[in-house]
Amino acid sequence: MEPKVIGPRSGAAFLLGAGEILTVTDPQGCQVADLLAFAVHDVREVISNGRTFDYEETITLTTGNRLWSNRSRVLLEIVEDTVGRHDFLLTPCSEATFRHFYPDKPVHRGCFGNLAAALSPYGIEEDAIPTAFNLFMNVPVEQDTGRISVIPPTSVAGDLIRLRAAEDCVIGLTACSAYASNGGSFKPIHYAIQPAPAPV
């Protein structure tokens, strides 16, 4: 199955049917991909980091964990994960992010702007964009102080994560645009959709 390519610092949106498996691959290594999922039947239902942390009882999400919606329903399940290090704490980078953290760099619309543009045809407005599940992003939390930092991903070329849709979803996906998140360089992200198995 030939993967689709999200170019550096860009994004895409597409439909993922219930039972289908989305494979997101970091083809060159050290590249983050912001992921969003909305329920097709009502796009006001969207993945929620708070619900997910609560029901999964962990902030370290990997194989076997599920991503829950703001309505306490499972939207996606992680069925394979070769990295085991992702972030669900930080919001998508935006123009404001660049002004705040990178005042000496050109302002970029970031993952937020890329997601907003890609999701607009599905009737999803900017204010509906929540915290993304940031694939491959490395955000350690200091145990004693709770301080967070953003350091380069641990993913290497070919690392991947596979997620099975529990519901028909609209997916937003990016190749992240922030310097610190990706070790200072910007690379593509690949994705592919595997059909749901036929009923026996």
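Reply: Lys and Arg count as positive and Asp and Glu as negative, while His and the chain ends are not counted; each charge is placed at NZ of Lys, CZ of Arg, CG of Asp or CD of Glu. In this protein there are 15 positive and 23 negative side chains, and the centres of the two sets lie 3 Å apart. The model is predicted: local features need pLDDT of at least 70 and side-chain atom pairs count only at pLDDT 80 or more, whereas totals for chains, interfaces and linings use all residues. Residues are numbered from 1 along each chain as its sequence is written, and side-chain values use heavy atoms, with hydrogens and water left out.

Me: Which residues touch the most other members of the largest nonpolar core?

Reply: A nonpolar core is a set of buried Ala, Val, Leu, Ile, Met, Phe, Trp, Tyr and Cys residues joined through side-chain atoms within 4.5 Å; buried means under 20% relative accessible area with a 1.4 Å probe, protein chains only. The largest core holds 41 residues, and Leu 35, Leu 76, Phe 133 and Leu 173 touch the most other members. Its largest share, six residues, comes from strand S4 (residues 33-39), a strand being a DSSP run of E with at least two residues, numbered from the N terminus. A second, separate core has ten residues, including Phe 98 and Tyr 179.

Me: How much of the protein is buried?

Reply: Buried residues make up 48% of the 200 residues.

Me: What does Phe 133 touch?

Reply: Contact means heavy atoms within 4.5 Å. Leaving aside residues up to four places away in sequence, Phe 133 touches, among others, Leu 35, Ile 47 and His 86.

How values were computed:
Buried < 20%, exposed > 50% of the residue type's maximum accessible area, 1.4 Å probe, protein only. Helix = DSSP H or I, 4+ residues; strand = E, 2+ residues; numbered from the N terminus.
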